[in-house]
Amino acid sequence: MKGNLKFISLLFTAVLIAVTAIAANKPAARPDLSPERQKARYYYLEGLRRQMADEPAAAYEYYKRATEIDPSYTEAASAFGTQRLAAELDTLQTRTELARSLALMRPFVDKYPDEYNEALYYAYVAARIDSVKEAIRVFERTAERRPDLSSTLVHLSEAYMADGDIDKALGALSKYETIEGHNPQITIKKISYHLARRDTVGALGEATALVNYNPAEPAYRILKGNLFEMANLPDSTLLYYEEAERLNPDYGAAKIALANYYRQQGDSVRYDSKTYEALLSEDFDLSQKLMMLEEYLQKLLNDKQSTSRGDHLFSVLSEQYPHEPDVLDLAARYSAAKGDFKDACEQIGYAIDLAPVEEKYRGQLMTYQMADDRATDAIKTYRELAKHMTPSRNLTVLYASAAQMADDFDTAIEAYRNILQDIAPTLPTDTALTARNIPASIQYDDLQRLSQIYTSIGDCYYGQKKLPEAFKAYDNALALYPDNTLALNNYAYFLSENDGDLDRAAEMSLKSLDGDNSSNATYLDTYAWILHKKGENEEARKYQASAVEEAAKEGNEHAELYEHYGDILAALGEKSEALEAYDKALALEPENHDIQQKIKTLKNAK
């Protein structure tokens with residue numbers, strides 16, 4: 001509702017002028033008027049003059065003064081209320097202030113009910129600030145007094161719908177059709193009203209009337225087919241979609257409707273065929289075709305179907321638009337989704353050649369390079385761009401991540417610190433953060449971002465074996481945002497691995513498992529490992545078993561996960577189970593000598 005309020009002032013500017021022009025034509029001041037009315041009238045007329053001279057701010061002040069002098073002066077109050085609605089001030093666009101503006105206008109609307117411009121404007125505003133009953137009252141009165149204004153019935157139907165009275169809403173539209181004759185737009189509105197109460201039969205009746213109104217229009221056949229689909233009548237759905245295509249064999253919307261029908265029926269051959277035809281259709285522009293193809297490709301990937309089907313359809317767009325960066329961008333994203341990062345880099349490289357100043361393509365190239373274990377290439381991509389333009393913060397974050405991935409920790413830390421300064425220039429970066437030295441002006445979202453950056457700095461310092469600096473960075477991350485689960489997890493794990501405070505590590509690790517992270521395999525593994533370090537192996541086994549299970553579900557198994565499981569099981573004396581876990585770890589990392597030694601030791605102990 002709030003979004004609709006902003007355009008009220010713009011939508012009825014013409015009505016506003018009409019209101020004031022009518023008021024300006026009222027009889028001149030009579031000698032028997034009270035001094036207050038005469039004085040108020042002076043300000044009111046001056047307001048009219050200023051408004052007609054396109055001086056809205058001055059007009060507003062004169063109307064306001066007139067109303068203050070004589071609150072019973074309905075013409076002045078209405079002009080003031082209307083001007084308040086037109087003022088583009090946030091303070092006057094709140095629900096409370098809009099209601100006050102409406103209250104100023106009401107006496108005029110009721111005093112002059114046949115001034116339909118003012119009445120319709122007033123009712124329109126009332127409906128949009130949730131004063132629906134008031135809107136209905138004025139719309140009904142206007143419709144009764146001015147039956148020639150049939151459009152009032154359409155507004156009245158919308159007000160009835162907002163009030164939840166669908167029967168009256170349909171009745172108002174039917175009355176409109178009685179006056180004006182059949183109108184496709186009104187029929188479509190009636191269909192939406194029937195569907196609002198899940199009356200598919202009523203909606204189909206209206207759709208039939210629409211088809212009969214213009215039998216040569218394929219869009220109406222598609223609409224009726226859609227309704228049959230909602231009613232779960234696939235044969236009738238197909239019939240009307242095919243009729244639409246026969247009426248206009250080149251109609252792109254019919255091909256999309258048929259493609260979606262065949263997909264739902266599991267007929268992949270016909271689904272591909274109709275999608276192919278839709279991509280060739282001249283009814284759609286490039287952006288629509290890209291959206292269509294992207295949706296198709298996403299379904300293939302989600303359903304884990306053969307991507308060769310997508311490759312074939314992609315060739316349609318590539319042949320039509322061989323030099324469009326957006327097509328190459330989609331090609332790159334598709335290759336990346338398939339895991340072919342080398343081809344993704346190649347395709348986005350072509351897009352960069354065509355649009356060298358498009359920064360997002362550089363960011364995608366860096367992402368693909370990093371996914372392909374080419375962090376140093378990602379660094380080069382960033383530095384090459386930086387020669388020609390100032391990279392955005394998001395690109396700098398990617399650069400820092402690439403440097404961190406390449407173990408160039410000094411470069412990464414420097415970049416992360418630059419990001420800190422960019423987000424919060426007054427934030428102290430070389431001291432421990434507390435509630436006292438964190439500027440209150442920092443927004444909540446920025447607190448989270450800053451916390452994430454400090455976490456990355458901590459990871460970099462840990463990579464350099466600078467434990468005091470790493471732990472200070474994690475402390476700062478948690479001072480900024482105590483619920484930073486990555487900081488909690490990493491800090492807890494590194495503490496446990498470096499003879500730190502295990503009780504504090506366990507507390508942080510358990511906190512990281514709150515809410516949506518309760519099944520996070522990495523966080524479960526950390527907590528289980530800390531419990532193992534504390535000698536609480538029975539409890540550790542429960543959490544590690546969950547970690548292994550969740551990792552298997554996600555397809556994210558790794559050697560350390562099973563190695564930890566083996567260590568916990570071995571500590572419990574369950575040697576066979578421990579060996580099984582170690583074997584799985586070794587299968588994932590065959591050259592791991594530590595795991596090989598643990599297997600050898602356990603077998604010798606048997």
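1. Helix 16 passes helix 17 in a left-handed crossing, a crossing being left-handed if the near helix is turned anticlockwise from the far one by less than a right angle, and right-handed if clockwise. Helix 16 covers residues 252–264 and helix 17 covers residues 268–280; their axes are 8 Å apart and the packing angle is about 160°. The two helices are therefore roughly antiparallel to each other. Axes are lines fitted to C-alpha atoms, for helices over the stretch in contact, and angles run from 0 to 180 degrees between N-to-C directions. Angles under 35 degrees count as roughly parallel, over 145 as roughly antiparallel, 65 to 115 as roughly perpendicular and the rest as oblique.

2. The model is predicted: local features need pLDDT of at least 70, side-chain atom pairs count only at pLDDT 80 or more, and totals for chains, interfaces and linings use all residues. Residues are numbered from 1 along each chain as its sequence is written, and side-chain values use heavy atoms, with hydrogens and water left out. Helices (H or I, at least four residues) and strands (E, at least two) are DSSP runs, numbered from the N terminus.

3. Where helix 16 meets helix 17, the residues of helix 16 are Lys255, Ile256, Leu258, Ala259, Tyr262 and Arg263, and those of helix 17 are Arg270, Tyr271, Lys274, Thr275, Glu277 and Ala278. Contact means heavy atoms within 4.5 Å. This contact has six nonpolar, one polar and five charged residues. Ala, Val, Leu, Ile, Met, Phe, Trp, Tyr, Cys and Pro count as nonpolar, Asp, Glu, Lys and Arg as charged, and the others, Gly among them, as polar.

4. Helix 29 (residues 502–512) and helix 30 (residues 521–533) have axes that come within 9 Å and cross at roughly 155°. That makes helix 29 roughly antiparallel to helix 30, and the crossing is left-handed. From helix 29, Leu502, Ala505, Ala506, Ser509, Leu510 and Ser512 meet Tyr523, Thr526, Tyr527, Ile530 and Lys533 of helix 30. By class, seven residues of this contact are nonpolar, three polar and one charged.

5. Asn517 lies in the loop between helix 29 and helix 30. Leaving aside residues up to four places away in sequence, Asn517 touches Thr485, Ser512 and Tyr523.

6. The axes of helix 32 and helix 34 (residues 593–605) come within 11 Å and cross at roughly 30°. That makes helix 32 roughly parallel to helix 34, again with a left-handed crossing. Ala559, Glu563 and Asp567 in helix 32 meet Asp594, Ile595 and Lys598 in helix 34. Two of these contact residues are nonpolar, none polar and four charged.
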